[in-house]
Amino acid sequence: MSIQSVDVLLPLGLDTPYSYLVPENLSLKPGDLVHVPLGTRGMVGCVWPGGGARTVDTAKLKSVKAKLDFEPLPEDLMKLIDWMADYTLAPKGMVLRMALRHGESPGPQRERVGVRATGRDSVRMTAARGKLLALLADGFVRGKGEAAREAGVSPSVVDGLVDEGVLETVVLPPEPAAERPDPTHSTPTLSPAQEEAAAELRQAVADKAFSVRLLDGVTGSGKTEVYFEAVAAALAEGRQALILLPEIALTQAFLDRFTRRFGVKPAEWHSGVSTKRRARILNGVAKGEVQVVAGARSALFLPFQDLGLVIVDEEHDPAYKQDEGVCYHARDMAVVRARFARAPIVLASATPSIETEVNARRGRYGRLALPERFGGAKVPGLAPIDLRKEGPPRGRWISPRLAQEMGETVEGGGQALLFLNRRGYAPLTLCRSCGHRMKCPSCSAWLVEHRFRRRLSCHHCGYQAPVPEACPSCNAKDSLIPCGPGVERLQEEVQTLFPEARSLVLSSDLTGGIERMRAELDAVARGEVDIVIGTQLVAKGHNFPGLALVGVVDADVGLGQGDPRAAERTFQLVHQVAGRAGRGAAEGRGFLQTHMPEHPVMQALVKGDRAGFYETEIGSREEAHLPPFGRLASLVISASEAHAAEAHARRLASCAPVVEGVRVLGPAEAPLAVLRGRHRWRLLVRAPRGFDLSAYLRAWNAAAPKVTGNTRVAIDVDPISFM
Ligand code: ADP
Ligand code: ZN
């Protein structure tokens with residue numbers, strides 16, 4: 001007998017789909033989500049194209065159990081999954097998992113039940129019943145839970161009155177996942193430069209073809225305003241748009257602006273959104289009801305039915321790179337998705353990544369330039385403060401000149417921001433008696449003191465312990481002293497220098513989560529804080545109208561650690577932080593504390609010489625054959641035994657395919673030699689531009705000895721972390 005079968009890709013560490021029989025009453029096509037038996041239990045997978053429905057003759061296959069009541073995954077998303085698996089060498093099933101694992105499993109939503117008054121009186125009135133009936137006296141339907149909450153009674157009161165017939169239940173239509181944004185809600189008057197850029201973007205949306213553009217504008221030039229015009233164009237055609245943002249959880253300002261422009265909030269997609277709500281958004285996106293999603297990198301895997309536009313805001317941001325599990329760069333993969341969806345994509349930044357800048361220079365990407373701040377405000381310059389000549393006294397980090405400038409700013413009613421990219425109180429704690437350094441028990445990293453929480457913590461694995469009273473090595477009492485500054489310690493110094501000023505630390509690790517963070521950012525924007533002390537968190541897209549002074553406490557942090565992107569990262573961060581100042585009425589000023597004012601990055605920052613920075617940096621990348629002029633892939637070999645990791649790394653290195661122009665560097669112990677108790681060794685592959693690194697790695701994999709025990713090899717194509 002001949003029977004139909006299909007290929008089903010499962011969200012597991014597998015590269016190929018499994019075949020299943022199709023029951024006679026079922027008709028399946030690629031993209032359909034199906035329930036299939038696996039082992040003793042079942043699992044949801046996706047019917048995968050390629051194999052298609054073919055006729056097989058076998059008795060061994062199991063049957064598909066059911067087809068889920070869900071839109072099929074769109075073709076462009078399946079192509080993205082195939083492409084990503086091929087490019088990153090991640091098992092295809094694990095890439096699929098990112099498109100399926102959105103919290104609750106996809107499927108129809110539970111019915112919502114509402115109640116309304118029937119007009120009948122209750123035979124047994126109580127105070128609680130009175131409250132509830134008073135609320136419902138207007139005759140409107142309310143959700144059951146909502147009615148109880150509003151009336152301040154327990155849900156059982158509602159049930160009691162339903163049983164008595166005083167209230168009746170009504171099935172409510174499912175709550176919409178997001179309201180429809182209105183493209184004409186409030187249209188801005190654009191400056192001529194903005195209008196020119198907006199017009200080109202509207203045309204790109206109308207063209208319904210793949211294209212990439214860099215929206216290159218200084219901070220405050222109105223990039224958001226401009227790409228909103230492209231979003232409006234997509235909305236006007238009834239199509240969907242995806243806006244990727246780094247750290248979306250914190251960008252309340254963005255949501256507010258979207259609301260002002262389109263009348264409603266966009267659907268938000270990030271880990272801070274409840275699983276229930278995410279399930280609703282997922283359904284809405286699949287049905288085409290949710291038109292605009294603003295999300296973190298995982299929003300890339302949503303099943304848009306009619307994607308008409310993709311925006312990657314702050315495209316240079318390293319938060320777009322995921323370097324655990326499936327290692328991918330969301331900006332690059334967004335370009336791939338846009339290509340498969342035949343949609344235009346806009347990469348927006350005031351400090352484009354070198355990769356994107358080079359693509360724009362080569363003409364592979366278009367460039368839309370907004371060279372001036374909207375309304376003519378000036379991007380603040382940065383005055384260097386040479387820490388070798390006019391540094392602060394010992395144990396302090398704010399130089400006398402910066403302190404004086406801050407004092408004047410605050411006295412004049414302006415706000416000051418101190419930027420230091422170090423969380424906690426002190427990056428290192430050591431014993432004054434014996435020199436012992438407090439180290440993480442499972443990582444090769446120092447423990448960072450967090451004074452607010454009174455704990456030492458490891459920023460790599462999350463290990464925490466109270467600060468001990470005695471040195472664990474020599475037992476000397478009260479001998480542990482903090483070394484170096486973190487933002488918490490800086491606040492202490494600010495409080496000493498300016499006892500009257502209201503200061504606030506903004507850092508991603510403070511308790512209270514997203515809600516508190518948003519409230520604090522709002523407080524800063526409203527001028528309720530005089531001095532803000534922040535980590536890189538403050539560099540990102542916030543609008544602080546009262547901010548008049550920015551002080552970069554240690555511009556040298558991050559430079560010279562063997563990271564090929566260190567210069568770029570420093571330039572971007574400092575430039576973005578400086579761009580926070582002078583957005584409102586006040587003119588902004590910036591100060592840059594550094595030990596190496598002659599360093600080209602510092603020079604470019606001080607002179608505000610963006611073009612000069614790109615010139616120098618692109619030149620040195622090209623000379624060193626670093627990305628985008630060459631390609632890199634890293635292999636991290638880890639094991640709980642040091643010798644096992646090293647031995648496998650050496651075996652792996654010895655069987656690397658020999659190809660002209662390709663060099664394998666290492667193995668070497670990783671800078672972060674132990675992480676979460678696992679010993680780490682690294683190999684780095686360098687290849688010429690345009691070389692098919694993925695194919696090379698696949699060939700290497702095939703030739704490599706099998707890993708044994710708990711040894712693991714993690715491959716990262718286009719790595720940005722070299723730790
Ligand atoms: P960017 O994203 O380039 O940093 P924004 O889009 O945030 O710039 O714009 C900076 C500020 O200028 C915002 O407060 C924004 O509302 C305002 N702005 C920009 N363009 C316009 C415009 N055409 N009309 C009114 N306000 C504008
Ligand atoms: Zn640790």
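These legends walk you through close-up views of a predicted model. Residues are numbered from 1 along each chain as its sequence is written, and ligands are numbered from 1 in the order in which they are written. Local features need pLDDT of at least 70, side-chain atom pairs count only at pLDDT 80 or more, and side-chain values use heavy atoms, without hydrogens or water.

**View 1. The surroundings of ligand 1.** Here 15 residues surround ligand 1, with Thr189, Gly220, Lys223, Thr224 and Arg257 the closest (a residue counts if one of its heavy atoms lies within 4 Å). By class, this shell holds three nonpolar, eight polar and four charged residues (Asp, Glu, Lys and Arg count as charged; Ala, Val, Leu, Ile, Met, Phe, Trp, Tyr, Cys and Pro as nonpolar; the others, Gly among them, as polar).

View 2. A side-chain N or O atom of Gln194 sits 2.9 Å from a nitrogen atom of ligand 1. Look also for the backbone of Gly220, where an N or O atom is 2.7 Å from a ligand oxygen atom.

**View 3. The salt bridge between Arg142 and Glu150.** The closest N and O atoms of this pair are 3.7 Å apart (the rule asks for a side-chain nitrogen of Lys or Arg within 4 Å of a carboxyl oxygen of Asp or Glu). Arg142 is buried, at 11% relative accessibility, while Glu150 is partly exposed at 46% (buried means under 20%, exposed over 50%, partly exposed in between, with a 1.4 Å probe and protein chains only).

**View 4. The salt bridge between Lys477 and Glu469.** These side chains meet at 4.0 Å, N to O. Lys477 is exposed, at 60% relative accessibility, and Glu469 is exposed with a relative accessible area of 60%.

Conventions: A polar contact is a pair of N or O atoms within 3.5 Å; within protein, one must be able to donate a hydrogen and the other to accept it, and residues adjacent in sequence count only if both atoms are side-chain atoms.
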